[in-house]
Every structure is written in structure tokens, then in C-alpha cells.
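This briefing sets out what can be read from the coordinates of one protein model, grouped by topic. Please keep the sequence and the structure in view while reading.

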Amino acid sequence: MTKAVSGFSKLTKEEKINWIVETHFSNTIEAKNIIKQYWNDDATLQKLHDEFIENTITNFYLPLGVAPNFTINGKNYTIPFAVEESSVVAAASKAAKFWGNRGGFKTTIINTEKIGQVHFIYKGDKQKLEQFFNEVKPKFFSETESITKNMQKRGGGILDIKLSDKTVDLENYYQLHATFETKDSMGANFINSCLEQFAKTLKEEALNFTSFTEEEKNITVVMSILSNYVPNCLVRAEVSCKVEDLAEKHIENPQEFAEKFVQAVRIAEIEPYRAVTHNKGIMNGIDAVVIATGNDFRAVEAGVHAYASKDGKYSSLSHAKIENGIFTFWMEIPLALGTVGGLTSLHPLVKVALEMLEKPSAQELMQIVAVAGLAQNFAALRSLTTTGIQQGHMKMHLMNILNQFNATEEERKQVVKHFERNTVTHSAVVDYLAEIRK
Ligand code: MEV
């Protein structure tokens with residue numbers, strides 16, 4: 001068993017690596033080489049990355065791919081994706097091309113409201129608490145002025161603060177439930193700073209509120225934190241065309257395809273096991289763009305899946321219908337994103353990704369990300385309801401298998417050619433490689 005280490009964070013990077021390889025690896029030289037192989041030669045760039053987190057020992061690469069030809073509200077985009085799954089970018093590009101030829105993607109911002117809460121315990125008369133809240137409410141705004149000044153200049157700020165009684169669910173539990181507009185920033189730091197000031201004001205003002213008894217004055221703030229559930233920070237993405245216009249390779253009968261597609265979405269709407277995988281496919285596109293643009297994909301994931309359960313049962317995020325000969329496929333999704341602050345001005349590749357998208361506002365980025373999700377979902381459902389998913393997936397996975405077996409350039413060419421006409425499976429590739437290596 002490994003012994004615990006003390007003062008690890010105080011060690012230099014070299015010392016940390018030495019401790020790790022000596023403690024956990026049998027081949028210390030090889031482990032050290034691999035770790036260091038991923039260091040960047042540019043010391044300034046490496047230092048920047050080292051300082052993003054604590055105890056950095058190296059970099060962990062994800063491929064950054066692009067899918068061009070996305071038409072969104074008539075504008076053309078090249079969308080960057082940071083993702084390791086082999087089929088995601090190819091699927092996005094295919095869906096972009098398919099819908100580019102059929103009017104493109106249409107998106108609308110439904111709302112951009114963010115949420116934060118101060119969770120507190122108050123033991124006493126509810127009416128007195130309400131009276132207290134109404135009296136001190138202006139102070140929550142005035143005492144956060146130094147925090148909100150700049151945000152207000154950009155058109156954002158605190159929208160409202162409400163007192164919420166949660167005592168039915170938990171004894172003596174109340175909240176300050178606040179809503180915010182954070183414009184082009186994701187707003188986590190802004191919201192949390194406001195909330196911590198609200199909490200301070202709440203506690204201090206309670207001590208001065210003469211109608212409170214001594215016990216009532218003693219409000220306990222349990223915590224102050226933004227919510228990653230943002231059902232009112234919502235974007236809609238949609239595609240539609242005449243059913244007959246869906247015809248393409250593998251879609252010989254567009255009516256049949258459209259009906260099967262709608263059925264597939266219905267299944268995800270009513271069946272949670274399918275819904276989770278269906279939504280995972282949507283997140284393949286969403287997370288990849290969220291990561292490439294320096295946003296917090298854990299926050300997005302948490303909020304999106306909570307939204308998928310908003311009606312009490314986990315369900316599909318996307319929907320589809322055929323009405324009057326028109327096929328429509330759409331999705332409404334909560335996305336709290338930023339194009340300023342956080343990593344956006346720090347990470348050189350994030351800056352590149354944002355410039356590739358022509359420096360979008362947070363609202364524009366919400367629309368692009370939603371489209372990446374819908375496109376991915378379309379591509380997955382199209383494959384699932386026609387050829388099956390493995391044909392495309394295994395074609396993309398072929399390179400991984402070839403890399404695993406250190407195939408030479410010549411072998412690669414031969415294998416790729418062979419599998420243009422044959423079904424790719426792991427064992428078929430291994431067998432074929434063995435055959436040509438004989
Ligand atoms: C794989 O990463 C994603 C899919 O499973 C999504 C789906 O089933 O809809 C193909």
C-alpha cells in the first residue's frame with residue numbers, strides 16, 4: 001500500500017513527478033518520459049497551463065477538430081469541437097451539410113436568466129421574517145453596488161431577490177432566491193460574490209431588526225451559491241423541411257424515414273433508458289463545443305440533465321413531428337455560457353476557437369452550442385434508424401485500431417481500401433492486418 005505524502009503541493013514539479021513515478025510505477029524512466037513528452041517547449045505557455053490548476057504535472061491532450069458549413073439563421077459557421085470520440089466531428093459535418101442543403105438551422109434565445117441562492121435557517125415567526133425581508137430588500141441591492149457596478153454598465157445585474165419558504169421540506173429552512181442577468185459572462189464569480197454579500201447583509205440586518213426575538217435575530221446562513229440548474233437560460237434550435245426533401249443516400253423512402261425518426265424520438269421521450277443515451281448523443285456535440293470555447297462542461301451537463309427531468313421523469317431533450325408534410329426536429333436546452341471572463345481570455349486555443357466563431361456574444365454561443373447538440377442527435381438518429389450506428393462508428397474507429405497495432409503507412413492504405421467494401425469489426429481488422437503482414 002502507498003504511504004501518504006505530506007506537503008506534496010509544496011514540492012517542485014520535478015519533485016512531484018519523481019515522487020509519483022517512484023511510488024506508483026515499476027518502469028520509472030518510461031513513466032517519467034511519457035509525462036514529460038507532453039510538456040510544451042514554450043516555457044511561458046507551459047507555465048500558463050501549469051497554473052490553471054494545482055499540482056499540474058503535464059498536459060492532457062484532446063483533439064480539437066472542426067466541422068465547417070454550419071448554417072445558423074442564415075450565417076455560416078465553422079464550429080470547433082474538443083473531443084476524443086472518433087465519430088463526433090464526422091457526424092457534425094455530415095449533419096451540417098445535410099441541413100445546409102435544406103435551409104440550415106434556426107435558433108432563438110428564449111431567456112438568459114441565471115439563478116443563485118442563499119440557504120439559511122430561521123427559527124421563528126414566518127410573518128416577521130417576511131416583513132423583515134421586505135424592509136431590507138433594497139439593502140441587498142445597495143450593499144452589492146460595488147460588485148454590480150461594472151455588470152450594470154454592460155446591461156446586466158441582479159434582476160430580483162425573493163424570499164422562499166422551504167420549511168415544508170426541511171424544518172426552519174428558507175432561501176433568498178435571486179435571479180441575475182450576466183450578459184456575456186457565465187457569471188459564476190459575479191453571482192457568488194453577490195450572494196455572499198446578501199448573506200452578510202441578511203445576518204447583520206437581522207441583528208438590528210427590533211421585532212425579532214433574540215432567537216429570531218440569530219439567522220444561520222448554511223451556504224450561498226449559484227445554481228447550475230438554469231431552466232430560464234434557454235435556447236431553442238430547430239430544423240425543418242418537406243418530408244419529400246429528406247431523400248438522400250440511405251434515405252430512399254423519406255416518408256418512412258421521417259416516421260421512423262419521429263418514433264425514435266418518441267421512444268426517447270417516454271423511455272428513460274433510451275432517453276439517457278439519446279441525450280448523451282446530444283451532449284457529444286454540446287460538451288465538445290463547450291470545452292473548445294473554455295466553458296464549464298460539468299455545469300452544462302448538470303443543468304441539462306436536470307432539465308431533462310423537469311416534468312418528474314427523465315426524458316428526451318429533443319422532439320420531432322410531421323405536420324402537413326413538413327418534418328420538424330427541435331430542442332430547447334438550458335445553457336449558461338460565457339464568451340468573456342474565465343478561461344476565455346487566458347487559454348490560447350480558446351481564443352482561437354472563439355475567433356473561429358467570429359467572437360460570438362454569449363447568446364450567439366448558446367445558439368451555436370445548441371445547434372451542435374441537435375446536429376449530433378440528428379446524425380445519431382439518422383444512422384440508428386437506417387444503417388445502424390456501427391457502420392459509421394467502426395469506420396471512424398478503424399484508425400484507433402490501426403494505431404493500436406502500429407500499422408505502417410502502406411498497411412493503413414491497404415486496410416482502409418479493404419474496409420471500404422467490408423464491415424469493420426475489431427477482429428476483422430486484426431485478421432486482415434495479420435494476413436497482409438504474412
Ligand atoms: C454514442 O456516443 C452516442 C449514441 O449512442 C447516441 C444515440 O444513441 O442516440 C450513438
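Asparagine 172 counts as partly exposed because its relative accessibility is 21%, where buried means under 20% relative accessible area, exposed over 50% and partly exposed in between, computed with a 1.4 Å probe on protein chains only. This is a predicted model, in which local features need a pLDDT of at least 70 and side-chain atom pairs count only at pLDDT 80 or more, whereas totals for chains, interfaces and linings use all residues. Residues are numbered from 1 along each chain as its sequence is written, and side-chain values use heavy atoms, with hydrogens and water left out.

**Loop residues with positive phi**

- Asparagine 172 lies in the loop between β5 (157-165) and β6 (173-181), helices (H or I, at least four residues) and strands (E, at least two) being DSSP runs numbered from the N terminus.
- The phi of asparagine 172 is near 65°, a positive value in a residue other than glycine.
- Most residues other than glycine have a negative phi.
- Lysine 183, in the loop between β6 and α7, also has a positive phi, near 50°, and it counts as partly exposed because its relative accessibility is 35%.

**The chain as a whole**

- The protein chain contains 16 helices and 10 strands, and its C-alpha trace spans about 90 × 70 × 40 Å along the principal axes.
- Of the 438 residues in the protein chain, 44% are buried.
- Among the contacts (heavy atoms within 4.5 Å) with a separation of 6 or more, 70% are between residues 24 or more positions apart.

- Strands β1 (residues 64-72) and β2 (residues 75-82) run antiparallel and are joined by 7 bridges, two strands being paired if DSSP finds at least two bridges between them.
- Glycine 65 has phenylalanine 81 in β2 as its bridge partner.
- The two strands β1 and β2 form a hairpin with 2 residues between them, and asparagine 73 in the turn has a positive phi of about 50°.

- An open sheet is formed by 4 strands in the order β3-β8-β10-β9, with antiparallel pairing; the edge strands, each pairing on one side only, are β3 (106-112) and β9 (318-323).
- Neighbouring strands of this sheet are turned by 20° against each other on average, direction ignored, with axes fitted as lines to C-alpha atoms, for helices over the stretch in contact, and angles running from 0 to 180 degrees between N-to-C directions.
- Strands β9 and β10 (residues 326-334) pair in the antiparallel sense over 6 bridges, and alanine 320 has phenylalanine 329 in β10 as its bridge partner.
- Helix α9 (residues 254-270) packs on the sheet and touches β9 and β10, its direction making about 140° with that of β9.
- Helix α10 (residues 272-292) also packs on the sheet, touching β9 and β10, and its direction makes about 75° with that of β10.

- Leucine 374, in helix α13 (residues 362-385), counts as buried because its relative accessibility is 0%.
- Beyond residues up to four places away in sequence, leucine 374 touches Phe105, Ala237, Glu238, Val239, Ser318, Phe329, Trp330 and Met331.
- The C-alpha atoms of leucine 374 and asparagine 279 are separated by 9.9 Å, although these residues are 95 residues apart along the chain.
- Threonine 339, in the loop between β10 and α12 (348-356), counts as buried because its relative accessibility is 12%.
- Not counting residues up to four places away in sequence, threonine 339 touches Asp184, Thr344, Leu354, Pro360, Ser361, Ala362 and Leu365.

**Pocket and cavities**

- The largest pocket holds about 1,600 Å³ of space; on a 1 Å grid over the protein atoms alone, a pocket is an open set of points with protein on both sides within 12 Å along at least five of seven lines, a cavity is a set of points where a 1.4 Å probe fits but cannot get out, and lining residues have an atom within 4 Å of a point.
- Grid points are joined across faces, edges and corners, and a volume is the space filled by probe spheres set on the points.
- The largest pocket is lined by 47 residues, of which Phe52, Ile291, Leu343, His347 and Val350 are the closest to its centre.
- There are 2 cavities of 30 Å³ or more, and the largest cavity holds about 90 Å³ of space.
- Of the 15 residues that line the largest cavity, Met186, Ser227, Asn228, Val230 and Ala336 lie nearest its centre, while α11 gives the largest share of the lining, 4 residues.
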